[in-house]
Amino acid sequence: MPSSPKAFYARPSSNNRRSTLMIIICLILGLSAVIGLYGMVQSGRSNGCGDVKPLSVSVTWDKSSSHSSGGGALPQKRHKVMGFVGVQTGFGSAGRRRSLRRTWFPSDHQGLRRLEESTGLVFRFIIGRTNDRSKMSALKEEVTKYDDFLLIDIEEEYSKLPYKTLAFFKAAYALYESDFYVKADDDIYLRPDRLSLLLAKERSHSQTYLGCMKKGPVFTDPKLKWYEPLGHLLGKEYFLHAYGPIYALSADVVASLVALRNDSFRMFSNEDVTIGSWMLAMNVNHEDSKLLCQAECTASSIAVWDIPKCSGLCNPEKRMLELHEQDTCSKSATLPSDEDEK
């Protein structure tokens with residue numbers, strides 16, 4: 001009978017006057033300037049071959065203190081990986097997670113480990129919290145059974161997705177030393193092996209924003225809609241940003257986000273627009289990959305979803321399983337794409 005997974009507790013410092021020097025020191029040490037990891041609650045998962053190190057992690061935020069109530073030492077170092085893939089999910093998406101675990105996201109502890117070892121990528125479901133005790137109880141059971149979550153102490157609500165996304169990047173950065181941090185939705189069909197190849201490419205820019213890019217008007221706030229006709233009249237296109245179902249930020253970009261105060265940048269209602277606006281402000285390199293927004297499986301597709309009909313698969317629980325049954329999706333060898341030849 002498996003016990004509860006290991007939990008890490010992260011608490012930001014209450015000292016708002018922390019000097020720039022201290023922020024730099026925190027980044028050098030591989031810890032977030034806002035998040036510190038404190039304490040460990042050890043638990044084992046047992047199988048026929050003995051104890052297996054737990055994978056699920058809980059990140060707790062407490063603005064009142066920079067010290068752990070449970071004691072314990074700081075982790076010596078972050079885990080080194082090529083990419084951390086956070087699959088954003090919610091309390092109403094248990095069916096999606098079931099379908100994912102029957103397709104490209106292994107349902108067993110060892111299978112997930114093998115996937116991570118073969119690709120250099122770590123995969124976790126990212127979810128916040130709710131005041132609904134029955135939902136939290138069901139989540140606890142799912143965490144214990146599958147051990148594949150990163151739990152963030154932020155309210156799980158659609159209107160707060162930009163805040164959840166920022167919290168995800170900060171938590172992932174604190175836990176993992178990764179070349180890229182990937183945000184993915186739980187309603188896309190993904191080829192992890194091909195995503196690994198994309199992230200492993202040599203790049204001349206250390207600050208990279210990677211995704212399937214689209215162009216929209218610079219003003220997305222309803223209060224500023226009257227500006228849009230002027231932009232179209234001048235024949236200009238604005239605000240290049242990635243489609244929301246999947247995109248990646250390089251380590252240097254996430255390090256910059258970690259060092260920011262939470263209220264430094266504007267929050268929009270849409271998470272992808274919010275991140276896109278921040279990337280413009282930070283003047284990062286935009287890398288456009290259409291392989292991340294394919295409408296059907298091909299020999300080079302990385303992420304498949306029903307673009308432009310839905311922001312993801314239109315009926316993910318059913319379509320995920322249907323796609324996985326197609327050899328083109330799940331079994332086809334990876335062939336060079338036009339993007340690879342550029």
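# Disulfides and ring pairs

Both C212 and C293 are buried, where buried means under 20% relative accessible area, exposed means over 50%, and partly exposed lies in between (1.4 Å probe, protein chains only). The model is predicted, so local features need pLDDT of at least 70 and side-chain atom pairs need pLDDT 80 or more, while totals for chains, interfaces and linings use all residues. Residues are numbered from 1 along each chain as its sequence is written, and side-chain values use heavy atoms, leaving out hydrogens and water.

## The chain as a whole

The protein chain has 11 helices and 14 strands. These are DSSP runs numbered from the N terminus: helices are H or I with at least four residues, strands E with at least two. Of its 342 residues, 50% count as buried. The accessible surface of the chain is about 17,100 Å² (Shrake-Rupley method, 1.4 Å probe). Carbon and sulfur atoms hold 52% of that surface.

## Three disulfides

How many disulfides does a search of the whole structure find? The search finds 3, each a pair of cysteine sulfur atoms within 2.5 Å. Counted along the chain, the bonded cysteines follow the pattern 1-2, 3-6, 4-5.

| Pair | Sulfur atoms apart | S-S torsion |
|---|---|---|
| C212 and C293 | 1.9 Å | about 50 degrees |
| C297 and C329 | 1.9 Å | about 100 degrees |
| C310 and C314 | 2.1 Å | about 110 degrees |

The torsion of C212 and C293 is about 50 degrees, so this disulfide is right-handed. C212 lies in strand β11 (residues 208-216). C293 lies in the loop between β13 (285-288) and β14 (303-304). The pair therefore ties together parts that are 81 residues apart in sequence.

The disulfide of C297 and C329 is right-handed too, because its torsion is about 100 degrees. This pair links distant parts of the chain, 32 residues apart. C297 sits in the loop between β13 and β14, and C329 in helix α11 (residues 327-330). Are these two cysteines buried or exposed? C297 counts as buried at 11% relative accessibility. C329 is buried as well, at 1%.

For C310 and C314, a torsion of about 110 degrees makes the disulfide right-handed. C310 is partly exposed, with a relative accessible area of 24%. C314 is partly exposed at 37%.

## Rings and charges

Aromatic rings come next. A pair of them is described by the distance of the centres and the angle of the planes. Rings of Phe, Tyr and Trp (its six-membered ring) pair if their centres lie within 6.5 Å; planes under 30 degrees apart are stacked, over 60 edge-to-face, the rest tilted. The count by this rule is 12 aromatic pairs. One of them joins F105 and F125. Their centres are 4.4 Å apart and their planes at 20 degrees, so the pair is stacked. F105 lies in the loop between α2 (94-101) and α3 (109-119), and F125 in strand β7 (residues 121-129), so the pair ties together parts 20 residues apart in sequence. Both F105 and F125 are buried. They also belong to a cluster: ring pairs link W104, F105, F123, F125 and F149.

Some arginines sit over rings. The rule asks for NZ of Lys or CZ of Arg within 6 Å of the ring centre and within 35 degrees of the ring normal. R78 lies over the face of Y173, at 4.5 Å from the ring centre. R101 lies over the face of Y146, at 3.9 Å from the ring centre.
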